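This note is intended for a colleague who is meeting the structure for the first time. Please read the points below with the sequence and the model side by side.

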Amino acid sequence: MFRLGACKSSHIILGLSIWWIFLVINVYCIKNKSESILRNQIPNKIQLFSTSGPATDNVLSKKYSIIHKKQKCGDRTFQCLSGKCIHTIFVCDGDPDCDDKSDEAPDLCSSDKALPTPAKCNQKTEFDCGGGMCIPLSKVCDGNTDCPHFQDEPSGKCNKNECLIQNGGCDHTCVDTPAGFYCECRQGYKLVNNTKCEDINECADPGSCSQICVNEVGTFKCECGAGYMRDPRDRTRCKATEGHASLLFARRHDIRKISLDRREMTSIVNDTKSATALDFVFRTGMIFWSDVSEQKIFKAPIDEGTEKTIVSSNQMVTSDGLAVDWIYSNIYFTDTRRCTIELMNFDGNMGKVLIKDDLEIPRAIALDPIEGWMYWTDWGTTPKIERGGMDGSHRQTIVSYDVKWPNGITLDLVRRRVYWLQHPMTIHVYHPYRQPDGVNHCQSLNGHCSHLCLPAPRISDRSPKISCACPTGLRLMDDGLMCTDDVNATTTTERTHYRKPSNTVTSDLSNKTPVSTSGNKEPKFIPHNIIIIIITITTKK
């Protein structure tokens with residue numbers, strides 16, 4: 001047995017013949033009434049060095065320092081500047097344990113530069129000696145001291161079951177340990193202040209239910225909105241009670257549809273030059289898409305894609321994002337060449353630039369015509385997600401942080417959320433529930449507007465339902481209904497002449513959720529990973 005003086009650290013070096021084995025042992029001595037007990041922590045590696053000649057103190061010192069420099073400290077240890085590893089319990093305790101005293105350096109032990117909080121011990125399998133030092137529970141109350149201050153052999157606590165007295169003060173379950181106890185909670189609860197159990201609000205997790213989450217004490221339940229039922233295979237998911245869903249997507253040179261309930265892929269439109277953004281009107285079976293090569297917006301019956309018609313016949317459009325208002329019968333689109341957000345009706349004979357300032361590279365766009373809001377992405381030098389009223393009012397940035405390359409965007413109108421992804425992709429779920437029914441407040445006499453009648457954003461219950469607007473080149477008169485020539489119209493923006501509409505309103509409908517492939521400002525690379533981000537839409541009542 002080695003006996004050392006009242007020391008705190010020492011080293012044992014064993015030499016055998018010409019080969020020197022340096023076994024470095026970090027030790028600390030604990031003063032007892034009768035003797036000093038040697039405690040050691042042995043590193044995982046014994047390093048071997050070949051030397052010739054006598055092992056002088058200088059040689060040993062050099063070899064010793066090499067060992068420490070090559071050594072890598074593990075968890076709950078501190079590495080001295082010399083490379084030596086000591087337990088974190090000895091750091092900043094007022095007594096140097098590193099040969100260079102780096103464990104007691106003023107800049108390390110000052111209050112504003114304290115060491116990181118050590119990892120907590122696993123109370124189910126480990127005992128906490130303090131300072132981040134953990135030992136197995138099997139070593140507690142076994143008659144041998146394993147903690148530096150005898151914490152694992154507490155007087156009067158070993159083999160005492162505290163759970164027998166008022167359940168240890170635990171709300172739910174008391175678990176006895178060799179030198180103490182801990183409390184546990186039943187499923188659906190969380191432990192608070194070590195003894196109390198509080199209900200977990202599972203509904204705070206966005207993924208708990210696909211639609212409606214109802215929190216209950218100790219549990220939760222999922223419900224579905226109108227037109228949906230819970231999936232019998234997964235009670236947290238909702239599925240539509242009617243209709244067959246398909247995927248609708250553009251592949252630049254054609255547009256196709258894939259059934260989700262059977263193995264079937266249908267070609268809808270062929271021989272497109274560069275089909276980019278697309279959207280559809282489920283009730284009328286009409287599909288709309290943009291072609292960045294032809295710089296036009298087209299439409300065609302989804303079952304007769306060969307009968308395509310040019311919608312934007314009065315202007316050139318370079319659109320990477322397109323969304324259809326299925327209630328008020330307008331097409332909203334981004335123009336990456338003119339850096340604008342615009343709209344036109346389904347016939348293409350009336351349109352308007354809604355937003356033209358502070359846009360760099362507007363990309364995808366999505367609509368909520370029931371609430372009167374549009375959402376779009378801009379992946380310029382300051383990437384962001386913005387929203388504004390579908391009449392161009394109340395513009396605001398909703399996300400400007402952690403956004404790198406925002407492209408596709410879509411809305412969950414049931415849960416009031418915005419989803420976007422940072423990868424070019426044009427794909428839609430083709431299903432009637434993507435376009436919920438809503439009231440067209442412009443249907444009667446075009447809302448008394450002379451030209452464009454647009455849904456206004458719903459900010460409160462008192463917000464107006466509609467807003468009259470004028471095509472580009474005209475301005476709204478003071479009565480808020482009639483349009484007249486705009487003598488101040490600039491010539492830098494392409495001016496298109498539109499005819500005045502009749503009082504009849506087209507009954508087409510369509511959906512949202514554009515994505516994109518690129519226009520004239522395509523980046524030099526395309527990331528292979530897809531990042532989907534979710535935020536919640538809030539509406540003031």
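1. A residue is called buried under 20% relative accessible area and exposed over 50%, with partly exposed in between. The model discussed here is predicted, and the accessibility terms below follow these cut-offs.

2. Met477 has a relative accessible area of 38%, so Met477 is classed as partly exposed. In the chain, Met477 belongs to the loop that runs between strand S37 (474-476) and strand S38 (483-485). Together with Leu481 and Met482, Met477 makes a nonpolar surface patch of about 230 Å².

3. Attention may next turn to the sheet. Seven strands form an open sheet with antiparallel pairing, in the order S23-S22-S21-S20-S19-S18-S34. Strand S23 (309-310) and strand S34 (427-430) each have a single partner strand and stand at the edges; therefore one side of each has no neighbour in the sheet.

4. How many bridges join strand S18 to S34? Strand S18 (residues 246-250) is joined to S34 by four bridges, and the two run antiparallel. Within this part of the sheet, Phe249 stands opposite Ile427 in S34.

5. Is Ile268 buried or exposed? Its relative accessibility is 5%, so Ile268 counts as buried. Ile268 is located in strand S20 (residues 265-281), a member of the seven-stranded open sheet. From Ile268 to Ala300 the separation is 32 residues in sequence, while the C-alpha to C-alpha distance is 9.0 Å.

Technical notes
Residues are numbered from 1 along each chain as its sequence is written. This is a predicted model: local features need pLDDT of at least 70, side-chain atom pairs count only at pLDDT 80 or more; totals for chains, interfaces and linings use all residues. Side-chain values use heavy atoms; hydrogens and water are left out. Two strands pair if DSSP finds at least two bridges between them. Buried means under 20% relative accessible area, exposed over 50%, partly exposed in between (1.4 Å probe, protein chains only). Patches are made of residues with over 30% relative accessible area and no salt bridge: like charges are joined within 9 Å, nonpolar side chains (Val, Leu, Ile, Met, Phe, Trp, Tyr) within 5 Å. Accessible areas come from the Shrake-Rupley method with a 1.4 Å probe; for residues, only the protein chains shown count as cover. A salt bridge is a side-chain nitrogen of Lys or Arg within 4 Å of a carboxyl oxygen of Asp or Glu.
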